Amino acid sequence: MTVLPIMRSPLKLFLRLLWQTLFSLLLSLGLGFGWLGSPVLADAIPSATLAAQSVTEIKVSLGNPANELKFIPDRLDFVAGKQYKLVLDNPSPQKHYFTAKDFADASYSSKVEAGKVEIKGAIHELELKPTAVAEWILTPIKPGTYQLRCTIPGHAEAGMTGTITITAGAQSV
């Protein structure tokens, strides 16, 4: 016996598509204008400026082959409004986390690439397994000093912590 798919009424389908479209539009507007608590990139940096500037690469190792629990370097300095590629690698024999929620909230994340995967949206923590490499493209927005740590039990207590500083940029916005 052949089972035919159930036809939805055109009105229900139309209303569902209309709802999804309106929801997406409102979400986009809310994020773009900062109504939902995200950084207001449109006000902070003109899009033409962001597209035209070069990306500064910063490399950070999570641990080392000797299995020491530390970030190398453990102090990262950024300038607000400048675009960065944060290259994270884990040369140690165990997994580690790059956790800096407040820094992530104070930055605009364009994307994270790891292997053949590209992730877009809010990033608060990255887990890197042994030998893993991830690239985080971001633009710091809000000046301040933020804490970095590995959230695996015992790692931060053993010294796997760091400081991230965003200084005000010389942007003429």
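Guide: Before we start, two strands pair if DSSP finds at least two bridges between them. Keep in mind that this is a predicted model.

Visitor: Okay! How many bridges join strand S1 to S2?

Guide: Two bridges join them, and the strands run antiparallel. Strand S1 covers residues 56–62.

Visitor: Which residue in S2 is the bridge partner of leucine 62?

Guide: That partner is phenylalanine 71.

Visitor: And in what order do the strands of the open sheet come?

Guide: The order is S2-S1-S4-S9-S6-S7, six strands with mixed pairing. At the edges are S2 (71–72) and S7 (117–119), each of which pairs on one side only.

Visitor: New topic: how many residues are in the largest nonpolar core?

Guide: That core has 30 residues. Leu86, Phe98 and Trp136 have the most contacts inside it.

Visitor: What does leucine 86 touch, leaving out residues up to four places away in sequence?

Guide: Leucine 86 touches several residues, including Phe98 and Trp136. Also among them are Ile58, Val60, Leu76 and Phe78.

Visitor: Let's switch to leucine 126. Which strand is that in?

Guide: Leucine 126 lies in strand S8, residues 125–128.

Visitor: Is leucine 126 buried or exposed?

Guide: Buried means under 20% relative accessible area. Leucine 126 has 11% relative accessibility, so this residue counts as buried.

Visitor: What does leucine 126 touch, again skipping residues up to four places away in sequence?

Guide: Leucine 126 touches Leu88, His96, Tyr97, Phe98, Val112 and Trp136.

Visitor: Where is cysteine 150 relative to leucine 126?

Guide: They are 24 residues apart in sequence, and 9.5 Å apart in space, C-alpha to C-alpha.

Methods: Residues are numbered from 1 along each chain as its sequence is written. This is a predicted model: local features need pLDDT of at least 70, side-chain atom pairs count only at pLDDT 80 or more; totals for chains, interfaces and linings use all residues. Side-chain values use heavy atoms; hydrogens and water are left out. A nonpolar core is a set of buried Ala, Val, Leu, Ile, Met, Phe, Trp, Tyr and Cys residues joined through side-chain atoms within 4.5 Å. Buried means under 20% relative accessible area, exposed over 50%, partly exposed in between (1.4 Å probe, protein chains only). Contact means heavy atoms within 4.5 Å. Helices (H or I, at least four residues) and strands (E, at least two) are DSSP runs, numbered from the N terminus.
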